[in-house]
Amino acid sequence: MTLTVPAVVRGELVEGPLVGFGGRGETGFAVADPAAVVPRLGTRNLALSRELAALDLDEVLDYLAELGARLVDNKHLDEAVERSAGLADTPPGLVHSNYRLLPGLFAREATEEVVAAIGRDVLTGWPERRMADGRVGAVHAFGVRSVHVIAGNSPLIAAMTLVRTAVTRGEAVVKTPSNDPLTMVALARTMIDMAPGHPLTRAVSVAYWKGGDEALERRLYHPAAFDKIVAWGGMASVKHVVRYLEPGLELVAFDPKRSATILGPEAFEPAALDDVARRLALDVGAFNQVGCVNARVVYAVCDTAAAEDLARRVYAELQELPPTVSTAAGRVDTELRADLRALRAGGFHTVVGGEADEGAVIVSHLDEPVGFAGSLAGRVANIVPVETAEDAARHLDATTQTVGVYPAALRHRLREVLPLVGVQRTVELGCAVSVHPALPQDGFEPARRLVRWVTDEHLPAGSDPLDIVFPPHREENP
């Protein structure tokens with residue numbers, strides 16, 4: 001039976017007519033015909049924008065808290081788990097584990113942190129500030145209308161999109177990915193069940209169409225319809241939307257990223273080694289290494305023998321990760337399998353594991369990552385011995401998102417150095433995959449980018465506007 005996925009247009013379910021598409025795995029699916037849905041998404045609704053702007057911020061946070069509570073034992077999410085087999089990048093058990101994290105993102109204490117990242121005062125009023133030239137500027141953060149081209153490697157992206165849209169009282173059209181067309185629809189259906197007709201419910205639309213369909217996307221990607229395009233995921237996703245940019249339509253891009261690890265010599269002390277191996281296995285293997293935050297290349301200040309010992313320990317710890325956190329890969333790139341076989345036949349690498357798609361750890365005998373480091377997936381890591389921790393910096397750049405570091409003293413030192421080559425996040429070893437939605441990501445503050453910053457300016461009573469326009473006139477005409 002063909003998997004069918006409805007669209008959601010401003011809080012209304014659209015279930016047909018259906019058009020079939022092929023998924024990234026072995027499962028195809030049918031969606032509400034994009035040719036019929038997309039034209040309905042490309043128009044602004046000023047009345048809805050006014051309703052959203054008039055919402056009390058605490059009412060918004062209450063709405064989100066109730067939504068989060070409804071995501072526990074949720075029939076729409078349960079159905080999405082069942083239907084994800086063969087479609088998602090992770091098996092249904094891990095999809096379910098990810099879904100268990102969703103309610104926490106909507107809890108009041110979590111959404112208050114997102115509010116604080118923007119500023120409650122600018123979301124609720126017009127705080128004033130007197131400038132050095134005498135003018136008084138008042139600032140307010142307005143919600144905008146955005147298209148979100150989200151990635152499918154984590155359902156948390158869908159939840160973060162909803163939270164940021166609601167907190168800023170904006171409007172979102174979400175293009176779902178082919179490896180997860182289900183999660184955002186399940187969340188939107190829960191909103192419809194909870195509060196049909198509410199402005200926040202009507203502020204979310206969800207649809208699938210094949211990226212790069214220029215005939216459809218030209219109807220969406222222009223400033224008369226939207227203020228921003230928010231693009232997540234791979235290079236293709238970003239390239240598809242760049243062609244449509246023009247004045248008035250801004251791109252907010254979560255660019256394709258990779259993450260790494262740096263281990264100082266302290267990691268190889270006998271008292272620390274087991275804990276380091278467990279933490280590193282978690283950074284590599286959590287949710288089957290599908291995230292940009294997962295560790296892939298590990299730069300370790302050690303010799304080859306110590307790196308091989310660590311590799312065996314990490315491999316063993318990967319097998320012991322709870323099945324709610326990590327499993328043997330359901331799908332492994334055939335080229336990656338071939339690359340691992342080739343390394344075993346050579347003399348410059350040691351490969352631990354990887355015989356049955358259960359994960360592997362590669363040890364480089366030289367201080368260079370493997371040539372296919374950008375393709376490491378399915379719980380496969382590469383340990384590279386280096387002379388000093390700073391030597392790792394020559395392998396890192398602006399495409400490096402997260403670097404897990406051990407020990408803490410080394411992290412404090414490297415956080416002053418790694419940003420100079422483009423690294424955007426350093427984190428305690430073992431915590432790489434735990435991303436907080438209220439903190440900066442990919443080198444910018446997402447929530448603050450999803451508003452329009454508006455100023456209202458005036459002069460103090462009795463001031464001469466000429467003093468602001470051209471202050472030197474006072475010197476010329478005292």
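I began with asparagine 98, which lies in helix H5, residues 92–106. I note that the model is a predicted one.

Entry on Asn98. I then listed its contacts, leaving out residues up to four places away in sequence: asparagine 98 touches Ser154, Pro155, Leu156 and Phe287.

Entry on H5 and H8. I examined how H5 packs with helix H8, residues 156–167: the two axes come within 9 Å and cross at roughly 15°. I therefore recorded H5 as roughly parallel to H8, since angles under 35 degrees count as such. The crossing of H5 and H8 is right-handed. On the H5 side, I found the contact made by Asn98, Leu101, Leu102, Leu105 and Phe106; H8 contributes Leu156, Ala159, Met160, Leu162 and Val163. I sorted the residues of this contact into 9 nonpolar, 1 polar and no charged. I also recalled that an α-helix has 3.6 residues a turn, so residues three or four places apart point the same way.

Entry on H9. I turned to helix H9, residues 183–194, and checked its length. At 1.5 Å a residue, its 12 residues should span 16 Å, and I found the end C-alpha atoms 17 Å apart, which agrees. How many of the 12 residues of H9 are buried? I counted 10, so H9 is largely enclosed by the rest of the structure. The buried residues of H9 are Thr183, Met184, Val185, Ala186, Leu187, Ala188, Thr190, Met191, Ile192 and Met194.

Notes: Residues are numbered from 1 along each chain as its sequence is written. This is a predicted model: local features need pLDDT of at least 70, side-chain atom pairs count only at pLDDT 80 or more; totals for chains, interfaces and linings use all residues. Side-chain values use heavy atoms; hydrogens and water are left out. Helices (H or I, at least four residues) and strands (E, at least two) are DSSP runs, numbered from the N terminus. Contact means heavy atoms within 4.5 Å. The expected span of a helix is 1.5 Å times one less than its number of residues. Buried means under 20% relative accessible area, exposed over 50%, partly exposed in between (1.4 Å probe, protein chains only). Axes are lines fitted to C-alpha atoms, for helices over the stretch in contact, and angles run from 0 to 180 degrees between N-to-C directions. Angles under 35 degrees count as roughly parallel, over 145 as roughly antiparallel, 65 to 115 as roughly perpendicular and the rest as oblique. A crossing is left-handed if the near helix is turned anticlockwise from the far one by less than a right angle, and right-handed if clockwise. Ala, Val, Leu, Ile, Met, Phe, Trp, Tyr, Cys and Pro count as nonpolar, Asp, Glu, Lys and Arg as charged, and the others, Gly among them, as polar.
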